[in-house]
Amino acid sequence: MTDEKNSLSFEKELDRFLPGISVDCVILGYNEGILHTLVLKWKNLDVWSLPGGFVFKNESIDNAAYRVLNQRTGLENVFLKQFETFGGMNRVWNASSKNQHMMQVLMDQMHFDNQHKVKNWFQQRFISVGYFALLNMEDAKPIADFLSEECTWKRVDELPELLLDHSEMIHKVLQHLRNQINYLPIGKELLPKKFTMMDLQSIHEAILQKSLDRGNFQRKILSLKFLKRHEKLMLGAQNKAPYLYSFNEKVYMKSLQKGLGA
């Protein structure tokens with residue numbers, strides 16, 4: 001579908017959206033000891049943002065967030081959790097020269113028939129409901145939306161400047177995970193089906209941004225009883241080969257829901 005057709009389709013859908021309400025998704029992935037998040041670069045602008053969108057009048061906010069996640073990654077049945085609502089007074093495209101330029105470029109390139117209507121829509125003050133997801137980067141196929149030229153993974157410690165309060169959203173999610181990581185099982189969505197204890201420890205270290213004692217970490221994780229131990233990973237001497245583990249789905253999900261609700 002061309003940009004012009006996309007623009008006309010979006011313009012027609014404006015009346016189907018709830019005014020002043022949006023969703024934004026912090027989609028976290030993990031690769032080689034480093035956390036990444038999915039971001040979009042707007043067309044012909046040096047502007048980056050989180051994946052997000054508006055809420056149809058006939059859908060729940062949760063379903064709107066799942067729709068955004070699916071449209072940007074191609075994935076379904078991914079764990080997605082609401083973490084905070086953002087409603088600051090600065091959540092608006094104000095009259096600064098930078099925002100005026102951004103809005104004009106947007107209008108010029110998207111071929112909207114009723115530019116006044118679309119401008120008024122984007123210049124509302126939006127209250128955004130924030131969601132976060134954890135997933136294996138290899139499973140996702142980043143897909144740009146019609147306003148963007150690129151949808152890609154960026155390291156959370158090397159992010160470009162993001163639109164509005166999107167950087168704050170990422171910070172809040174990371175703080176949320178760090179606050180709960182001692183009793184919240186984390187890793188199932190980021191790891192292969194079978195993994196070593198060191199693989200799991202590396203994810204925790206990436207989230208906490210610090211090194212952990214190997215022995216203490218293993219004792220703590222095993223005490224939570226959501227792992228199943230399997231055969232050793234035979235890469236060298238048998239007495240040095242690490243055991244492989246997988247998650248006990250039932251125990252993991254029970255612990256996850258209890259932890260997030262605590």
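Analyst: The model is predicted. Lys 225 counts as exposed because its relative accessibility is 64%, and the cut-off for that class is over 50%. Lys 225 is found in the loop between helix H7 (214–223) and strand E9 (227–232).

User: What is the phi of Lys 225 near?

Analyst: The general idea comes first. Most residues other than glycine have a negative phi. In this model, the phi of Lys 225 is near 60°, which is a positive value in a residue other than glycine. Leu 164 also has a positive phi, near 50°. Leu 164 sits in the loop between strand E7 (148–155) and helix H5 (166–180), and its relative accessibility of 37% makes it partly exposed.

User: Which residues touch the most other members of the largest nonpolar core?

Analyst: In soluble globular proteins, nonpolar side chains tend to be buried together. Here the largest nonpolar core has 35 residues, and those touching the most other members are Val 26, Phe 132, Leu 177, Leu 200, Leu 227 and Phe 247. At least two residues of this core come from each of several elements, among them strand E1 (17–31), strand E6 (127–136), H5, H6 and H7. Domain 1 (3–181) and domain 2 (193–258) each contribute at least three residues to this core. A second, separate core holds 23 residues, including Trp 42, Val 47, Phe 126 and Leu 147.

User: How many disulfides does the structure hold, and is Cys 25 buried or exposed?

Analyst: The structure holds 0 disulfides. Cys 25 is buried, at 0% relative accessibility. Cys 151 also counts as buried, at 11%.

User: How many salt bridges does a search of the whole structure find, and which parts does the pair of Asp 15 and Lys 117 tie together?

Analyst: The search finds 10 salt bridges. In the one between Asp 15 and Lys 117, the closest N and O atoms are 3.3 Å apart. Asp 15 lies in the loop between helix H1 (3–13) and E1, while Lys 117 lies in helix H4 (residues 115–122), so the pair ties together parts that are 102 residues apart in sequence. Asp 15 is exposed at 52% relative accessibility, whereas Lys 117 is partly exposed at 29%.

User: What of the other pairs?

Analyst: Lys 194 and Glu 231 meet through their side chains in a salt bridge of 3.6 Å, N to O. Lys 194 lies in the loop between H5 and strand E8 (195–196) and Glu 231 in strand E9, so this pair ties together parts that are 37 residues apart in sequence. Glu 59 and Arg 67 form another salt bridge, with the closest N and O atoms 2.5 Å apart. Glu 59 counts as buried at 18%, and Arg 67 as partly exposed at 22%. Finally, a network of salt bridges links Asp 24, Arg 91 and Asp 165.

Terms used:
Residues are numbered from 1 along each chain as its sequence is written. This is a predicted model: local features need pLDDT of at least 70, side-chain atom pairs count only at pLDDT 80 or more; totals for chains, interfaces and linings use all residues. Side-chain values use heavy atoms; hydrogens and water are left out. Helices (H or I, at least four residues) and strands (E, at least two) are DSSP runs, numbered from the N terminus. Buried means under 20% relative accessible area, exposed over 50%, partly exposed in between (1.4 Å probe, protein chains only). A disulfide is a pair of cysteine sulfur atoms within 2.5 Å. A nonpolar core is a set of buried Ala, Val, Leu, Ile, Met, Phe, Trp, Tyr and Cys residues joined through side-chain atoms within 4.5 Å. Domain bounds come from an automatic or database domain assignment. A salt bridge is a side-chain nitrogen of Lys or Arg within 4 Å of a carboxyl oxygen of Asp or Glu.
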